Amino acid sequence: MKLAIFTLVEHIEDQGKYFGYAPYVREMDLWNSHFDEVIVVAPLSKTKSLDAITIPYQHSKVKLVSVPVFNIKSIASILKLLVVIPSLCFKIVKVMRQADHLHFRCPSNIAAIAGVLQVFFPKKKKSMRYTGNWDPKAKQPKGYRFQKWLFSNTILTQNIRGLVYGNWQNTSKNINSFFAATFHENEKESFKERDYNSTLRFIFSGGLVSGKRPLFAIKVIEKLNLKGLKCHLDVFGDGLLKDEIEIYCTKNSLNAVITFHGNKEKSELKLAIQNSHFVLLPSKSEGWPKALAEGMFFGCIPISTKISCVPWMLDAGKRGILIEAELDAAVNTIYNTITHKDLNAMSKAAQVWSEDYTVGQQVLEISKILEV
């Protein structure tokens, strides 16, 4: 049995193995274990190097079919796509013919093109993982909306299980709720009350990119300290905004309350979560915000904007703090919650909920999807 994966995740080849973004690879290893061979249709980087958040597939028979990175944001990029699309389509169709199961990682340009071509393979078994925001009311690029429409269309896309984050009304019968998991059953811990009268430790985990709003998170901590709460933020991750936010911290004398750790392995991040009070993620858009779920697993109170399935995850604020994307409003909401709410009760509710979403549970769900 052969599995074909269509993804935009950039891969690195090293010593005969293929490496990719760790959370993606870890999940795909769960899918891959059900197949004898795996074919990955994805970009292959010639410039990136291995780092703490890049790991190899565990499967012994992984073949990578390299495709170019592309977009359609300019006339030049569209012209470039027109040049490469015949060979790209040829590669994708060839892989689809060889594979027994087709797996699409959305939203992505690769999945969009593969999604169109899968129409000609109605009998092939398929699955689609939409890792972005499935909210029908969300304002999204046309390409994202097209992929939602295509993969939920039961006439054009047959024999598929579409997996999305959250529970949404009026979805087609082939769309199912799913989740992402990081921790195992044996990593569960008994609930421990935290001391919220000492320095409050916040953690931000994610790319230092505009969509995650890391500078917004830093300004939240800055203002909470100005309001009299002793707060410290540990920032895990890297990205294009790193220099900008480090300069901001230096100019505003925040280096004592903001610590940058860069990309770290799961074990180091886990230890930081266990020693924190809150996980802060004021993103513009998310699918299943793993940073929140990971924090909740060990009793960290999640703080997030009201996006995607987050209000459902936080039970409308009963097991976390929902904030607006306006700085003063967000700071006031967080401050009022910290000073007036039963934080240990909120922490326990967050932990109890998150413990249902383990890697073991994800393995069971994947097995059902593949009907193994």
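Which residue in β12 stands opposite Ser-205? In this predicted model, select Ser-205 and follow the pairing across to Phe-236, the residue that stands opposite in β12. The two strands concerned are β11, residues 200-205, and β12, residues 231-236, which pair in the parallel sense over six bridges.

Next, select the helices that pack on the sheet. Helix α5, residues 214-226, touches β11, β12, β13, β14 (278-281) and β16. The direction of α5 makes about 165° with that of β12. Helix α8, residues 290-297, also packs on the sheet, with contacts to β11, β14 and β15 (301-305). Here the direction of α8 makes about 175° with that of β14.

Now display the whole sheet. Six strands form an open sheet with parallel pairing, and their order is β13-β12-β11-β14-β15-β16. To locate the edges, select β13 (258-262) and β16 (321-323), each of which pairs on one side only. From one strand to the next, the twist averages 20°.

Finally, turn to strand β8, residues 125-130, and select Arg-129 within β8. Is this residue buried or exposed? Arg-129 counts as buried because its relative accessibility is 0%, and the cut-off for buried is under 20%. Show the side chain of Tyr-165 as well: the side chain of Arg-129 makes a polar contact with it at 2.9 Å. Leaving aside residues up to four places away in sequence, Arg-129 touches Glu-27, Trp-31, His-103, Phe-104, Arg-105, Cys-106, Leu-163, Tyr-165, Phe-178, Phe-179 and Ala-180.

Terms used: Residues are numbered from 1 along each chain as its sequence is written. This is a predicted model: local features need pLDDT of at least 70, side-chain atom pairs count only at pLDDT 80 or more; totals for chains, interfaces and linings use all residues. Side-chain values use heavy atoms; hydrogens and water are left out. Two strands pair if DSSP finds at least two bridges between them. Helices (H or I, at least four residues) and strands (E, at least two) are DSSP runs, numbered from the N terminus. Axes are lines fitted to C-alpha atoms, for helices over the stretch in contact, and angles run from 0 to 180 degrees between N-to-C directions. Contact means heavy atoms within 4.5 Å. Buried means under 20% relative accessible area, exposed over 50%, partly exposed in between (1.4 Å probe, protein chains only). A polar contact is a pair of N or O atoms within 3.5 Å; within protein, one must be able to donate a hydrogen and the other to accept it, and residues adjacent in sequence count only if both atoms are side-chain atoms.
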